Amino acid sequence: MNNVMVLAQAGISEQDVVTPFEQNLLVILVFIIMFGLGAGLTPKDFRLAFRRPWGLIIGWFTQFGLMPLITFGLISLLLFQLPLEYAAPVALGALLMGSVPAGTTSNIFTYFSKGNLALSVMMTTHSTLWAILMTPLVLTLYGRLLFADQADDFEIPMLNIVITLVLLLVPVVAGMFIRKKSANVGAVLELLGGFVGMFFIVFLVATWVPRNWVLLTNTPWQTFTVAIVMGLLGIFVAYGLARALRLHPMNARTIGMETGIQNGPLGIAVVLLSFSGNPDIGLILIIPALYSLFIVVVATIVTLFFRRANLAEEQKIPNLL
């Protein structure tokens, strides 16, 4: 607990968590990822989604209903055991991470877990478009519950967050436009976006962890637990709900992956662009950074579990999506 107080009192600057070079690189990578996301869509995808909308509707509920609720529960149960000076900004970062949409990483792991890749891509784009409205709403709702006693001292810059999300939507629309004009170029850009998303994770492991080793060793177990468990619970709670609604197992796996695997680079970018100048920005960044680091490990373990599916048996189950 003493280490936590030292971190809270000394403060952690954004450079302590993400260097200026990493900040600039991250913003570039996020724009490429979002560009690739848009480039993966065709008019056929939208027509299919409108004909069979249940997957998107259920995914919307799990993404912006279940996932923030799970995160809120973990924050309330674990983080607020810690000193308030540390817990409040770290909780805000966790809540933001639980409120952003899915990213291209979820598409990759959906494919490897024998899910419905077409549904995954549509759900990712759907949640990204809705995030402009739903992420600020979710932050407002749970922020009022979490920070009711700190309302005067702890203000969430909603306008900055909305502007950031709108700006980050521009490359998605641009990617969709290019895909419409040239399917081949769009396919290459889609592949590039997925590759960049994975590169970001490798970059974190190779550079961020060694440089922040002292910070990580002083970070309390509650923070690690929230960062790791929020994704794991998101996947399996959403998967269980989808199965309870009698969705095809392939689609249930997809909804689980899309719910629990958030867009980590986007979450970090939103913090950097929306909370610039905030003295607590380093603490706000901790869980988005840790989540981005560990979600690959979590998703890999879940993928190995899902790959045990009996596809021959699943062929007998009607697919309504």
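Let's start where two helices meet: Gln23, Leu26, Val27, Val30 and Ile33 of helix 3 are in contact (heavy atoms within 4.5 Å) with Pro265, Leu266, Ile268, Ala269, Leu272 and Leu273 of helix 14. This is a predicted model, in which local features need pLDDT of at least 70 and side-chain atom pairs count only at pLDDT 80 or more, while totals for chains, interfaces and linings use all residues. Residues are numbered from 1 along each chain as its sequence is written, and side-chain values use heavy atoms, with hydrogens and water left out.

Two packed helices are described by the angle between their axes and the distance between the axes. Helix 3 (residues 20-39) and helix 14 (residues 264-274) have axes 10 Å apart, at an angle of about 130°; axes here are lines fitted to C-alpha atoms over the stretch in contact, with angles from 0 to 180 degrees between N-to-C directions. Helix 3 and helix 14 are therefore oblique to each other, given that under 35 degrees counts as roughly parallel, over 145 as roughly antiparallel, 65 to 115 as roughly perpendicular and the rest as oblique. Their crossing is left-handed, a term for a near helix turned anticlockwise from the far one by less than a right angle, with clockwise being right-handed.

Now compare helix 8 (residues 117-146) and helix 9 (residues 158-181), whose axes come within 9 Å and cross at roughly 165°. Helix 8 and helix 9 are therefore roughly antiparallel, and helix 8 passes helix 9 in a right-handed crossing. Among the residues that meet are Leu129, Ile132 and Leu139 from helix 8, and Ile161, Leu165 and Leu169 from helix 9.

Stepping back, the protein has 16 helices and zero strands, taken as DSSP runs numbered from the N terminus (helices H or I, at least four residues; strands E, at least two). Of its 321 residues, 56% are buried, where buried means under 20% relative accessible area, exposed over 50% and partly exposed in between, with a 1.4 Å probe and protein chains only. Among contacts with a separation of 6 or more, 86% join residues 24 or more positions apart.

What lies inside? The largest nonpolar core has 71 residues, of which Leu79, Val226, Met230 and Ile287 touch the most other members. Helix 15 (residues 281-306) gives the most to this core, with 15 residues. Such a core is a set of buried Ala, Val, Leu, Ile, Met, Phe, Trp, Tyr and Cys residues joined through side-chain atoms within 4.5 Å. Beyond its neighbours within four places in sequence, Met230 has contacts that include Met67, Leu74, Met97, Ile287 and Tyr291. Thr223, in helix 12, is buried at 0% relative accessible area. Leaving aside neighbours within four places, the contacts of Thr223 include Leu79, Tyr86, Ile287 and Leu290.

Rings of Phe, Tyr and Trp (its six-membered ring) pair if their centres lie within 6.5 Å; planes under 30 degrees apart are stacked, over 60 edge-to-face and the rest tilted. Phe236 and Phe305 are edge-to-face, at 5.7 Å centre to centre and 70° between the planes. This pair links distant parts of the chain, with Phe236 in helix 12 (residues 221-244) and Phe305 in helix 15, 69 residues apart. Phe236 is partly exposed at 31%, and Phe305 is partly exposed at 42%. Ring pairs link Phe236, Tyr239, Phe305 and Phe306 into a cluster.
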